[in-house]
Amino acid sequence: MDFHFIKNVLSNKTHKFINERRGWKTDRKIVIIESDDWGSIRMPSRSVYEKSLKKGLDVDKCAYCKYDTLASTDDLDALFNTLTKYKDHKGNHPIITANTIVANPDFERIKADKYENYHYEVFTDTLNKYENTNFDMWKHGISNKLFYPQLHGREHLNIERWLMCLQNKSTELHFAFDNSFFGVSQSISKESNPSFMAALDYDTGEGKEQGNRAIEDGIEIFSDCFGFNSKSFIAPNYFWHSETEKILSAGNVKYLQGGFVQKVPSANSKYHYLGEKNNYNQVYLTRNVIFEPASFVNKDWVSTALKQIKHAFKVNKPAIISTHRVAFIGSIFEENRSKNLKLLQLLLHEILKQWPDVEFMHSAELGDLIKAEQ
């Protein structure tokens, strides 16, 4: 999963050293909360979770398969109520940069086509199919400056690999498919299936073209759904290539979220630093703090994040926090949401206590600030 990737990146001392000393710096105490996977389906319901366990899928051993699903009205209401309890010295609430997947598989049409062709539905249509989910809560968060969607991709799905395994009659995938569930993590697969979550990774030229078309569609769908263009983009599982950046630039995406490392399909990884520009004048925004309380539940995530924030400020960098939607979801197990929102409250309380001059921003605001000062 991408959590393990960014964890390994932040522990890479050489890489961290280079990133801290290069690129954009500031004396301002800026905190960004970048949260991935909004809009994407994962585990559809508690009943499908229980059915998966009986089928022999170890969905209890992966936080994303156990807890993660579309954010319900209750999930968003609880998150927004938590954020409104806090303000920085300029009167701004903490704001979630909600990196959004704007489409999901259309299971009925794919099955009707015998798994030979891919079809999708816009995520707002998916919301209408689930209980206690609606787009109005998204709009509420946006209008109250608590929730700022940005593009994470059309799907969080490697279409080429997924269809191939369905055509090859993968027992796991067909069970999941019949229950409107595609995200069987590689870590729990008993069939040694490949990763299906890295949407822009590819194995063939056709796979590459599928990914390129998905980005073009995603840019347009995002604008249609939200009424504004996405200024930034974060690639699923940190996989993307140079053509992705060209397509994003044509779609007016100016900032590229990610870790210090870009995983490049069929090539060596690339390394980035905050404020670095590419050939399209796009600016890289590099994460340097992790807050993932749904993963490794016994870890002291608040202390870990505070230590990383302190270090970021010490080297004159903004604190860009990496987190995922799964931390704030309680539709399948309510205790996941309630426990982790308490940790988020504690983290926000300590940030404001330790750094009273902190400023909360979303990713596009940070990108605009960096560009203005370069």
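The buried residues of helix α9 pack against β3 (103-105), α6 (107-112), α10 (171-178) and α11 (205-226). Buried means under 20% relative accessible area, exposed over 50% and partly exposed in between, with a 1.4 Å probe and protein chains only; contact means heavy atoms within 4.5 Å. Helices (H or I, at least four residues) and strands (E, at least two) are DSSP runs, numbered from the N terminus.

This is a predicted model, in which local features need pLDDT of at least 70 and side-chain atom pairs count only at pLDDT 80 or more, while totals for chains, interfaces and linings use all residues. Residues are numbered from 1 along each chain as its sequence is written, and side-chain values use heavy atoms, with hydrogens and water left out.

**Helix α9**
- Helix α9 spans residues 159-167, and seven of its nine residues are buried.
- Those buried residues are Ile159, Glu160, Arg161, Trp162, Leu163, Cys165 and Leu166.

**Asp75**
- Asp75 lies in helix α5 (residues 73-83).
- Asp75 counts as buried because its relative accessibility is 2%.
- The side chains of Asp75 and Ser331 are joined by a polar contact of 3.0 Å.
- A polar contact is a pair of N or O atoms within 3.5 Å; within protein, one must be able to donate a hydrogen and the other to accept it, and residues adjacent in sequence count only if both atoms are side-chain atoms.
- Leaving aside residues up to four places away in sequence, Asp75 touches Leu70, Phe328, Ile329, Gly330, Ser331 and Arg337.

**Cysteines**
- With a disulfide defined as a pair of cysteine sulfur atoms within 2.5 Å, the count is zero.
- Cys62 is in no disulfide, and the nearest cysteine sulfur, that of Cys65, is 3.8 Å away.
- Cys62 counts as buried, at 6% relative accessibility.
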